[in-house]
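The sequence and the structure are shown first.

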Amino acid sequence: MKIAIINGPNLNLLGTREPSIYGNQTFEEYLQGLVNDYPEISFDYFQSNIEGALIDHIQKVGFSCDAIILNAAAYTHTSVGIGDAVKAIDVPVIEVHISNTFSREDFRHKSYLTPVVKGIIVGFGLDSYRLGIEALLKD
Ligand code: DQA
């Protein structure tokens with residue numbers, strides 16, 4: 001099984017960015033744990049701070065991998081383009097968020113992705129990604 005994990009803006013700073021909200025671990029460290037724990041899965045990891053680069057990557061992997069786990073970060077709340085990219089591809093997408101976006105500012109309650117993804121996992125810290133993988137494995 002090939003799963004693409006795609007992270008949006010500022011998630012390259014995990015580990016140092018607002019640790020009270022996002023924790024102390026870098027995504028690279030967390031990903032290594034996933035790679036160790038799921039030897040049967042081939043992970044393709046991509047992060048960008050640029051909306052168009054995220055759309056390009058969704059298009060690139062969206063017809064060939066088995067599923068995408070997408071944390072579009074702030075673009076979740078603003079990007080019609082990323083929502084349209086998710087609609088345009090073949091593979092299922094799970095939207096994840098580290099923090100509980102619904103317990104935060106009002107502008108984080110809106111998602112352009114939620115209506116077009118298979119499901120959402122929100123608020124379990126970095127383990128939101130692991131829960132996404134478990135959901136895909138059980139599917
Ligand atoms: C986030 C939540 C977004 O509102 C925020 O802009 C992020 C991270 C999360 O994983 O909790 O950058 O997607």
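The sections below describe the nonpolar cores, the ligand site and several individual residues.

## Basis of the report

The structure is a predicted model. Every value below is computed from that model.

In soluble globular proteins, nonpolar side chains tend to be buried together. The largest nonpolar core here contains 23 residues, and I5, F43 and Y129 are the members that touch the most others in it. The elements giving two or more residues to this core are strand 1 (2-7), helix 2 (27-37), strand 3 (67-71), strand 4 (93-97) and helix 5 (127-138). Helix 2 supplies the largest share, with four residues.

With residues up to four places away in sequence left out, F43 touches I3, I5, L31, L34, V35, Y38 and I133. A second core of 19 residues is separate, and A4, I6, I55 and A72 are among its members.

## The ligand site

Which residues surround the ligand? They are R17, Y22, N71, A73, A74, H77, H97, I98, S99, T101 and R108.

N71 places a polar side-chain atom 2.8 Å from an oxygen atom of the ligand, and a polar side-chain atom of R108 lies 2.9 Å from an oxygen atom of the ligand. A74 takes part through its backbone, with an N or O atom 3.3 Å from an oxygen atom of the ligand. The ligand taken alone exposes 330 Å², of which the protein buries 99%.

## Two buried polar side chains

S128 belongs to helix 5. Its relative accessible area is 0%, so S128 is buried. A polar atom of the S128 side chain lies 2.9 Å from the backbone oxygen of H97. Apart from neighbours within four places in sequence, S128 is in contact with V96, H97, I98, I121, V122 and G123. H97 and I98 also belong to the group of residues around the ligand.

T76 sits in the loop between strand 3 and helix 4 (80-88). T76 is likewise buried, because its relative accessible area is 0%, a value under the 20% limit. A polar atom of its side chain lies 2.6 Å from the backbone oxygen of A73. When neighbours within four places in sequence are set aside, the contacts of T76 are E95, H97, K110, S111, Y112 and L113.

## Residues with positive phi

Most residues other than glycine have a negative phi. A73 has a positive value, with phi near 50°. This residue is placed in the loop between strand 3 and helix 4. Is A73 buried or exposed? At 12% relative accessibility A73 counts as buried, since buried means under 20%. A73 is also one of the residues surrounding the ligand.

N10 is another residue other than glycine with a positive phi, near 75°. N10 lies in the loop between strand 1 and helix 1 (19-22). At 36% relative accessibility, N10 counts as partly exposed, because that class lies between the 20% and 50% limits.

G123 is found in the loop between strand 5 (119-122) and helix 5. Its relative accessibility is 34%, so G123 counts as partly exposed. G123 and H97 are 26 residues apart in sequence, while their C-alpha atoms are 6.1 Å apart in space. Leaving out residues up to four places away in sequence, G123 touches H97, I98, S99, N100 and S128. Of these, H97, I98 and S99 are also listed around the ligand.

S64 lies in the loop between helix 3 (51-61) and strand 3. With a relative accessibility of 55%, S64 counts as exposed, because exposed means over 50%. S64 and A4 are 60 residues apart in sequence and 9.8 Å apart in space, from C-alpha to C-alpha. A4 is included in the second core.

Key: Residues are numbered from 1 along each chain as its sequence is written. This is a predicted model: local features need pLDDT of at least 70, side-chain atom pairs count only at pLDDT 80 or more; totals for chains, interfaces and linings use all residues. Side-chain values use heavy atoms; hydrogens and water are left out. A nonpolar core is a set of buried Ala, Val, Leu, Ile, Met, Phe, Trp, Tyr and Cys residues joined through side-chain atoms within 4.5 Å. Buried means under 20% relative accessible area, exposed over 50%, partly exposed in between (1.4 Å probe, protein chains only). Contact means heavy atoms within 4.5 Å. A residue is near a molecule or strand if one of its heavy atoms lies within 4 Å of it. A polar contact is a pair of N or O atoms within 3.5 Å; within protein, one must be able to donate a hydrogen and the other to accept it, and residues adjacent in sequence count only if both atoms are side-chain atoms. Accessible areas come from the Shrake-Rupley method with a 1.4 Å probe; for residues, only the protein chains shown count as cover.
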